[in-house]
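Have a look at the structure, then read on.

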Amino acid sequence: MKQLLLFLFCIPQLLLAQSNWCGTADKMKAENQAQKELMQIIRTNMQKKSGDSLLIIPTVVHIIHHNGNGDISDLQVLDGMRVINEDFRRTNADTINGNPIFYPFAADCKIEFRLAKLNPNGDSTSGITRTDTSIYPHPEPTNANFDNVKYIVNWPPNMYFNIWLVRHISGGALGYAQYPGTAFTYGGPWETYGPTIRSYEWGTIGSSASDGRTATHEIGHCLGLYHTFLSYSATCGAECDTTGDEVCDTPPTLPTSGCTTANQCSNDMMGPSPFTQDMTDQLENYMSYNTCQNMFSLGQKDRMRGFLTTLDTLNGLYLDDNLIATGILQATAITELPNTENRKLLRIVDVLGRNTPFKKNTPLFYLYEDGTVEKRIVVE
Ligand SMILES: [Zn+2]
């Protein structure tokens, strides 16, 4: 018995050790009640498939460097944005490198990240901040340095998706993420919501030494995706919608690295699975640890959009009011011109995108019926 216990204990540790480039933990082994209730609401919204409209997410990239170590150029930041958007929109050039049996399940997630053009004060911005500090984070929530850099600089999470790029992460992880909301393991306060990624893993130019896809993977976690394997259990699970990654069109698998075709689990058709046969492992999935990643699945798309459209802090990000407040929508229509009397005023919003009554001496956005927007301050 002693030997058996030792054996059970060792397996997950070994599996973790062989490929631990992502510092994000697997989900809780036992779901708590709040998580169960929230997942039920999210699943209901997933069944609506949250429409198929393009969800544009205002984004800010915080570069946390030390004396320039870990600082990257604006061009490299833009290149990293290109990579994640190509991956989320499935406009990446390598879609045809996958196994054709998964082509019908590959998704354009219709999610786009755009750098903000207005900061939380309503002032012009590049959507990039730079902070010089000697600290760097630890990926374990129990460590005192967990998320330390996030408390130095963060923008309101109900307006912006925050991404932190750092020069180093303790323990060797290339990135780690925070699941959305407080109900989930590795969830947490909203002010620290977002991925932490080494700056040399961002984009493909400049100081980058990678394909930029650590960010794609970590943002997947932030939008509610688990690994396609679950390393803590190292089992295939059972029903596809309640075990493993809870996504039915990513076949259950065990953690592997590299890119050698394999079929580690035979329960691919258990639960509401779209598969009619036992499938090979989906090495192409961004949420695997394999090196030939090039797809999110349709089920992952529904799950991410389910989280985005359900959670209160996230479901205002992509709305017109917020796109205006962050300078992304109709930026050219935002003027300082005086009111034109024959237009009908629809509503007034503040710089945080909230409806507000008329106020003097405050910068406010005036939204008119003809689609125009004015940013004005009425001075007393
Ligand atoms: Zn991960």
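Helix α5 is mostly covered, with nine of its ten residues buried; buried here means that 20 or more other C-beta atoms, placed from the backbone, lie within 10 Å of the residue's own. Among those buried residues are Thr214, His217, Glu218, His221 and Cys222. The cover over them includes α3, β5 (175–176) and β6 (196–198). Just after α5 comes Gly224, which takes a positive phi of about 100°.

A word on the ground rules. This is a predicted model, where local features need pLDDT of at least 70 and side-chain atom pairs count only at pLDDT 80 or more, while totals for chains, interfaces and linings use all residues. Residues are numbered from 1 along each chain as its sequence is written. Helices (H or I, at least four residues) and strands (E, at least two) are DSSP runs, numbered from the N terminus.

Now back to α5 and its partner. Helix α3 (residues 74–89) packs against α5 (residues 213–222) at an angle of about 55°, and their axes are 9 Å apart. Those axes are lines fitted to C-alpha atoms, for helices over the stretch in contact, with angles running from 0 to 180 degrees between N-to-C directions. That angle makes α3 oblique to α5, oblique being what is left once under 35 degrees is called roughly parallel, over 145 roughly antiparallel and 65 to 115 roughly perpendicular. Who touches whom? From α3, Gly80, Val83, Ile84 and Asp87 meet Arg213, Ala215, Thr216 and Ile219 of α5 (contact means C-beta atoms, placed from the backbone, within 7 Å).

Next, the strands, which pair if DSSP finds at least two bridges between them.

| Strand pair | Sense | Bridges | Opposite residues |
|---|---|---|---|
| β8 (residues 345–349) and β9 (residues 364–368) | antiparallel | four | Arg347 and Leu367 |

Last stop: Asp132, which sits in strand β3 (residues 128–132). Asp132 counts as partly exposed because it has 13 C-beta neighbours inside 10 Å; exposed would be 12 or fewer, and partly exposed lies between that and the buried cut-off. Setting aside neighbours within four places in sequence, Asp132 is in contact with His65, His66 and Asn67. The C-alpha atoms of Asp132 and Ile64 are separated by 6.1 Å, though these residues are 68 apart along the chain.

Terms used:
Contact = placed C-beta atoms within 7 Å.
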